[in-house]
Amino acid sequence: MQTFSKIAERIINQRLIKFAKASGLYSIRQTGSLPQRATCDAGISLTHWVQEAQAAGLKASTMFLDIKGGFDNVDHSTLLQRLRSKDTPEYMPRWLSNFIAYRQCAIIFHGSPRNMKGINTGIPQGSPLTPILFVIYV
């Protein structure tokens, strides 16, 4: 069952990336987490723009943001609404709803009971779907 799940995640990931690109679910300036849009491409582009500005006698500045705990704070209903607002094929939000729902976690200390609690935010880290889901959410 675990192998089937990973195969299904990869299939949905490929379909979601194609749909997201065609429907404008992410910025065309997005790099990383997408095919042919690696983070190193952003670095090369940035270097080019800085050198271009310097050659023209201008000054260049950059600002980098790191969204701490980004994957952990994705709101499920907002993500699914965003997908549905772009007329995503209905099977995709339904599948993703089941994929991100019904997750549980527990804080465990030595000798404490292991009570699992349901969580309704966040997307699972380590899945091939996580990066594109976060890009769409943001």
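User: Which residues is Thr130 in contact with, leaving aside its neighbours within four places in sequence?

Analyst: This is a predicted model, where local features need pLDDT of at least 70, side-chain atom pairs count only at pLDDT 80 or more, and totals for chains, interfaces and linings use all residues. Residues are numbered from 1 along each chain as its sequence is written, and side-chain values use heavy atoms, with hydrogens and water left out. Contact means heavy atoms within 4.5 Å. Leaving aside neighbours within four places in sequence, the partners of Thr130 are Phe71, Ile123, Pro124 and Gln125.

User: Is Thr130 buried or exposed?

Analyst: Thr130 lies in helix α5; helices are DSSP runs (H or I, at least four residues), as are strands (E, at least two), numbered from the N terminus. Buried means under 20% relative accessible area, exposed over 50%, and partly exposed in between (1.4 Å probe, protein chains only). Thr130 has a relative accessible area of 1%, so Thr130 is buried.

User: Where is Ile123 placed?

Analyst: Ile123 counts as buried because its relative accessibility is 4%. Not counting residues up to four places away in sequence, Ile123 touches several residues, including Phe71, Thr130 and Leu133. Its place is in the loop between β2 (117–119) and α5.

User: What separates the C-alpha atoms of Ile123 and His76?

Analyst: Ile123 and His76 are 47 residues apart along the chain. Their C-alpha atoms are separated by 8.2 Å.
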